[in-house]
There are 2 protein chains.
Amino acid sequence: MSIKEYLAAQTAIVDAALERLVPAESIEPQTIHRAMRYSLFAGGKRVRPILCIAAANCIAPSPAGVEDAASSLEMIHTYSLIHDDLPALDNDDLRRGRPTSHKVFGEAMAILAGDSLLTVAFEVLSNLQGIDDSRKVALIRELATSSGTVGGMIAGQVHDIEGEGQAPTAALLERIHRAKTGALLRGSVRMGAIYAGASVSQYEALSAYGEHIGLAFQIVDDILDVTQSSEALGKTAGKDAAQHKITFPAVYGLEASAVMAEQERLAAHAALAQFGEGAVHLRELADLIVQRSA
Amino acid sequence: MSIKEYLAAQTAIVDAALERLVPAESIEPQTIHRAMRYSLFAGGKRVRPILCIAAANCIAPSPAGVEDAASSLEMIHTYSLIHDDLPALDNDDLRRGRPTSHKVFGEAMAILAGDSLLTVAFEVLSNLQGIDDSRKVALIRELATSSGTVGGMIAGQVHDIEGEGQAPTAALLERIHRAKTGALLRGSVRMGAIYAGASVSQYEALSAYGEHIGLAFQIVDDILDVTQSSEALGKTAGKDAAQHKITFPAVYGLEASAVMAEQERLAAHAALAQFGEGAVHLRELADLIVQRSA
């Protein structure tokens, strides 16, 4: 199976799980469920859920129900985008080529839609079938910490906001991005490992892989913000420079940033050595993260 | 022990748990932890955690660690207040007699502080000691559903926003308030029951109690908004009428509303019959909820 076919198949599985796990638009109050679904089904690439599933597949061929656990990551990711786009934060009108949540539903509903997706992510994990309760608890702990304030996603957002206009140093850059994007990407891989019952050695190898692709992902995101058009990205390009954000190109320049991304890709591959052919999809995902153009 | 002494003792226990469970202000990023703590330690009455502890005490004298589970309810309640006070929602400058979160930390940080409290609530439940994993999962499910979009707290907020300016009918009123305040208060009692290992009959009786005090709480809140000063309430009084909110006094008048609150108080007492002396604190809490003046 080519990576394209693999991604298409996994995307369909994740989308079906999201469809099943998020309340239908016909359920009251309809507005909030419409708003949740508007952002959730906006053409996201499902990177985090697919990383979770692919990581689980390194350990067990196809752990039943892993897509439900994986879907919780997309709910968290989507909530963070909705809140990040708000006027008080990044004030973005465009996301994945469509008007952002608050442009369509108003600010109040966008705030609540984010809160709702965050809440339902944990509800979904509490309702998982097919794994025992100790794994559910471990998944919930991993999702909460990787999206939280101590080294997690929210920590990164806060550093990012506070870093605007500050001198772009390597130390500050690392602090922002290890948390902002890296934590949830690493968490995605770890949740797959937990779901499938990884040994300590397997868990650590997959965590290392997650660290490397997390960093690679952010470097490439920063590069694309400089080099691509808004149309190609489906979101406003050039915003980092306009908002004086601390980015990899700002600190290291474009060329050195590209070299760093490539180094992280290779390190991610190296971390997967023990899994042999079982990790083929994770390797291809690392390649894709670095070689994408949007 | 008088109810005053009981409340003081439980408040101290809950405050100590919150102090221990929420990251210290010295932990990076400091701003977000300062914002979380600013709202969390703003003199809240800890109604939800104390209901949780008192419900658990109906079943087992003092279940170790129940205050940690109870604290998660205060985190959820506080997040909902922070987001509710935002300019896009209720636009309130005053809460518990102090400037609201966004007035002190700015809107961006207030949004993230709410998100953080919501996230850490689930992290705390995943880290509980002293109960088995199946109870942790049940607690997480209860917290998520009672604060979520299907009959939970967020559903109530949405109905509330959408109800502004609509004709104040009894049906709409019930739909708003059964969810907005009632769901989390009932959830508080249920979480105490789950923590202590309630039988089905005990769980159902405590749920019924929770329903009645939830309704009573909202009726009294609506009455106080009309009859008390901002100073006495520690928040802006008279806002419901100003915003054309659908309230109990608006639908039934003040006098009939007071009678309804009293009926709910009596029904709450009746639901506790099977617990005898073990439910003394829950009975006193029902009395206090109806007879409070702020």
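Select chain A and switch to cartoon view. In this predicted model, the chain folds into 16 helices and two strands.

Colour chain A by confidence. Its average pLDDT is 93, and 99% of its residues score at least 70. For the whole complex, the predictor gives an ipTM of 0.95 and a pTM of 0.95.

Now look at the overall shape of chain A. Its C-alpha atoms fill a box of roughly 50 × 50 × 35 Å along the principal axes. A compact globule of 294 residues would have a radius of gyration near 19 Å; chain A has 18 Å, so the two agree. Buried residues account for 55% of the chain. Take the contacts in chain A between residues at least 6 apart in sequence: 71% of them join residues at least 24 apart.

Next, go inside. Which residues have the most contacts inside the largest nonpolar core? They are Cys52(A), Cys52(B) and Ala216(B), in a core of 184 residues. Select Cys52(A). Leaving aside neighbours within four places in sequence, Cys52(A) contacts Val66(A), Ala69(A), Ala70(A) and Leu73(A), along with Ser188(A), Val189(A), Met191(A) and Gly192(A).

Last stop: the interface. Why do the copies meet through the same surface? Because 100% of the interface residues of chain B are also interface residues in chain A.

Key. Residues numbered from 1 in each chain as written. Chains lettered and ligands numbered in written order. Predicted model: local features only at pLDDT ≥ 70, side-chain atom pairs only at ≥ 80, totals over all residues. Contact = placed C-beta atoms within 7 Å. pLDDT = per-residue confidence, 0-100. Core = buried A, V, L, I, M, F, W, Y, C linked by C-beta atoms within 7 Å. Buried ≥ 20, exposed ≤ 12 C-beta atoms within 10 Å, placed from the backbone. Helix = DSSP H or I, 4+ residues; strand = E, 2+ residues; numbered from the N terminus. Rg over C-alpha atoms; globule rule 2.2 N^0.38 Å.
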